[in-house]
Amino acid sequence: MDQWNEFLQDTFAGSLGGVTFVLSAHPFDTIKVRMQMVSENTSILKTAYKIFKYEGPFAFYKGVVSPLLFSFPVSATLFACYEQYMRYFQVDRDSYQLMHWGVGGAYAGFIQSFATSPSELFKIVFQMQISERKRNSVLRCMLEFVQKEGIAAVFKGVNSTIFRDIPQYSTFFIAFESTKQYLQSQKGYLNIFDQFLAGIAAGLVCICFSYPQDMVKTKIQYEILESKQNRKYSGIDGGISKCIKEIYKVSGFKGFWQGFNSCAIYYMVACSAQLVGYEQGRIFWDTYVKY
């Protein structure tokens, strides 16, 4: 019964964290994707202004339905896998455990990549609809791709998502747990503001270790709109190496960091909201639901 209760608590709190993650920072993600997919250098403010001027304020939430629907399985899987790892190895939660935080985060990141990849595929497709809305339903978009290429189309870019998510969530949990430990050692307790600060630290650190991979993933997944014969990124690694070579050839090292400012803000806002939602969800479960 205890194990079942722990699983339900992880799922509930993780799902709540997923919803707060998506709703709090999706506009920054839209700006980031637009910046990643243009060849010229531009700024956050210029990109945001263009979106607002030509598409209106609601355009910042283009593609939000896909990550919102997937936020339940994605975030629940992430935190449930992490907590499962910590319980399986009986990790002491009151001491610094950098190795376990990192390995547990990498394990959780790998597992949840299989849910994240389809979510972000459809999100990118909708975010890049600028002049006309050819697709207005996630389900119809999914059926369109499946009819053309089979179920594998839904998982286009899964290799690059794994390539990004393992280092991302390894560093995410290291930064989150170590910041929590430090703040608790200074005060003896943690409040919502402390959880918020730990989330900001986790978001900033993890995106610094995973942004180039995110750039590669975005370009690979956006190719779903091209016919198979026109796609450049393919191979045993899912096109990762070809995409890396092209980005470097066209833009050099800085090409991997295009749109980073928007993404850093996005992750600091989103991760702080996600982790506050997650921690408060666990507290709510312990207080009102636990049996």
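Mentor: Start with V216. Leaving aside neighbours within four places in sequence, V216 is in contact (heavy atoms within 4.5 Å) with I240, C243, I244, I247 and F256.

Trainee: What kind of model is this?

Mentor: The model is predicted; local features need pLDDT of at least 70, side-chain atom pairs count only at pLDDT 80 or more, and totals for chains, interfaces and linings use all residues. Residues are numbered from 1 along each chain as its sequence is written, and side-chain values use heavy atoms, with hydrogens and water left out.

Trainee: How many residues make up the largest nonpolar core?

Mentor: A nonpolar core is a set of buried Ala, Val, Leu, Ile, Met, Phe, Trp, Tyr and Cys residues joined through side-chain atoms within 4.5 Å. Buried means under 20% relative accessible area, exposed over 50%, partly exposed in between (1.4 Å probe, protein chains only). Here the largest core has 41 residues. F21, F172, V216, Y266 and Y267 have the most contacts inside it. Helices (DSSP runs of H or I, at least four residues, numbered from the N terminus) that give two or more residues to this core include helix 1 (2-36), helix 8 and helix 10 (260-289). Helix 10 gives the most, with nine residues. Another core, of 10 residues, lies apart from it; L121, V125, A153 and I224 are among its members.

Trainee: Is Q213 buried or exposed?

Mentor: Q213 is buried, because its relative accessible area is 11%. Q213 lies in helix 8 (residues 211-222). Beyond residues up to four places away in sequence, Q213 touches F163, R164 and P167.

Trainee: And Q186, buried or exposed?

Mentor: Q186 sits in helix 6. Q186 is exposed, because its relative accessible area is 54%. The C-alpha atoms of Q186 and P167 are separated by 29 Å, and the two residues are 19 apart along the chain.

Trainee: At what angle do helix 6 and helix 7 cross?

Mentor: Axes are lines fitted to C-alpha atoms, for helices over the stretch in contact; angles run from 0 to 180 degrees between N-to-C directions. Helix 6 and helix 7 cross at roughly 150 degrees, and their axes come within 8 Å. F172, A175 and F176 of helix 6 are among the residues making the contact, as are L197, A198 and A201 of helix 7.
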